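Please look over the sequence and the model below before reading on. The paragraphs that follow lead through a few of its helices.

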Amino acid sequence: MRIGIGVLRKVLGFSLLVLASMAQAQEKEANLAFEISDVIVQAGETYRGSIHVPAGDDEIESKIPITVHNGTYSGPTLTLIAGIHGSEYAPILAMQYLARQIDPTHLTGTIVIVHIANLPAFVGRTIYFGPNDLKNLNRSFPGSLNGSVTERIAFVLTQQIIKRSDFVIDIHAGDGNESLRPSYSAYYAEAGGEEVIRLSRRIAIAFGLKTIVLFSGSYDSVEDAIYTSSQAVTLGIPAIDVESGERGLIDGQYVDPITVGVINVMRELEMIDGSPESNENSLFISDRVRLKSDHNGIWSPDSLVKTGDYINAGTRLGVISDYHGSELETITAPESGVLLVFIVTPPINKGEDIAVIGKLSAERDL
Ligand SMILES: [Zn+2]
């Protein structure tokens, strides 16, 4: 993996600060052993292994590879989840890097790294859906042990990972068919109650990306909270989403913002020394407009349209044709805003997103 200069600089600073923190070690409270699934990780130690996802009627079992760094000193449990969507690779590679860099002997609190939540989708190289049951893991929470394999993965994640956490960061990218810019963090501005919202917002800002999205919606029950982070906040656990990466790409420009952002959050939560490098002038996006296809067919995106650009309502985005090439519909932007997500490969299906447009918040410092 190519590591950008920015990350090297920051991680070097991170290591030096870890050394500096040793001087203050006597003041910190010793940590306890950390239990997760059927594993006990002693203070100051690292566990590398997997959590088992049992077979159901489909006779398909799976596993969730994790690394747990249980710090020497007592503090919060921060869980990082990658690979809810198995073809979003930048988050998965960022977890590989972070798992090697974090030293539990100099850590306050506990880091749980889920390397690849949806292993069937990663192995099967599918986008959106698991290859066995064609279900979207990020619509399958809280999951069920009696369900299909995607639902059983959601259940194990909820019961054994999310519920063991004080903070959750669920990390995504544009999927294999999606352009996504800029990288952003996101939190639920209305779900989970005042304190959960306050803490979620705090880590969303500390992550340090210039763009921050406010998710709308709240949930009356955990059964309604079908997204990973919505499940967490509905359980009362502060959580954010991060989106960095696109189209299966693994460049440092997508991976580095994730590693730097996690280090920023660890600093914000005083798990390691140092101050997060947050943005002074973050751009808040208060609402997202999803443009969906009315057709099954072949999508031809306009080559002039780029994610990250501000587009005006009425901007031509592309054309949907039938499978013989006859035009079905010219697609234009329904509203003005930042084009956050844009489908850039030919398959398009009725009801699926073509584009997601972020509307800028009137209040920059909500
Ligand atoms: Zn995703």
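Which elements do the buried residues of α4 pack against? They pack against β3 (45–53), β4 (62–70), β5 (73–82), β6 (108–114), α3 (119–124) and α6 (228–234), where contact requires C-beta atoms, placed from the backbone, within 7 Å. This is a predicted model, in which local features need pLDDT of at least 70, side-chain atom pairs count only at pLDDT 80 or more, and totals for chains, interfaces and linings use all residues. Residues are numbered from 1 along each chain as its sequence is written.

Helix α4 covers residues 149–161, helices being DSSP runs of H or I with at least four residues and strands runs of E with at least two, numbered from the N terminus. Eleven of the 13 residues of α4 are buried, so α4 is largely enclosed by the rest of the structure; buried here means that 20 or more other C-beta atoms, placed from the backbone, lie within 10 Å of the residue's own. Among them are Val 149, Arg 152, Phe 155 and Ile 161.

Helix α5 (residues 194–206) and helix α7 (residues 252–268) pack at an angle of about 130°, with axes 8 Å apart, the axes being lines fitted to C-alpha atoms over the stretch in contact and the angles running from 0 to 180 degrees between N-to-C directions. The contact is formed by Arg 202, Ile 203 and Ala 206 of α5 together with Asn 264, Val 265 and Glu 268 of α7.

Helix α7 is itself mostly covered, with 14 of its 17 residues buried, and it is followed by Glu 270, whose phi is positive, near 60°.

Notes
Contact = placed C-beta atoms within 7 Å. Buried ≥ 20, exposed ≤ 12 C-beta atoms within 10 Å, placed from the backbone. Expected span 1.5 Å × (residues − 1).
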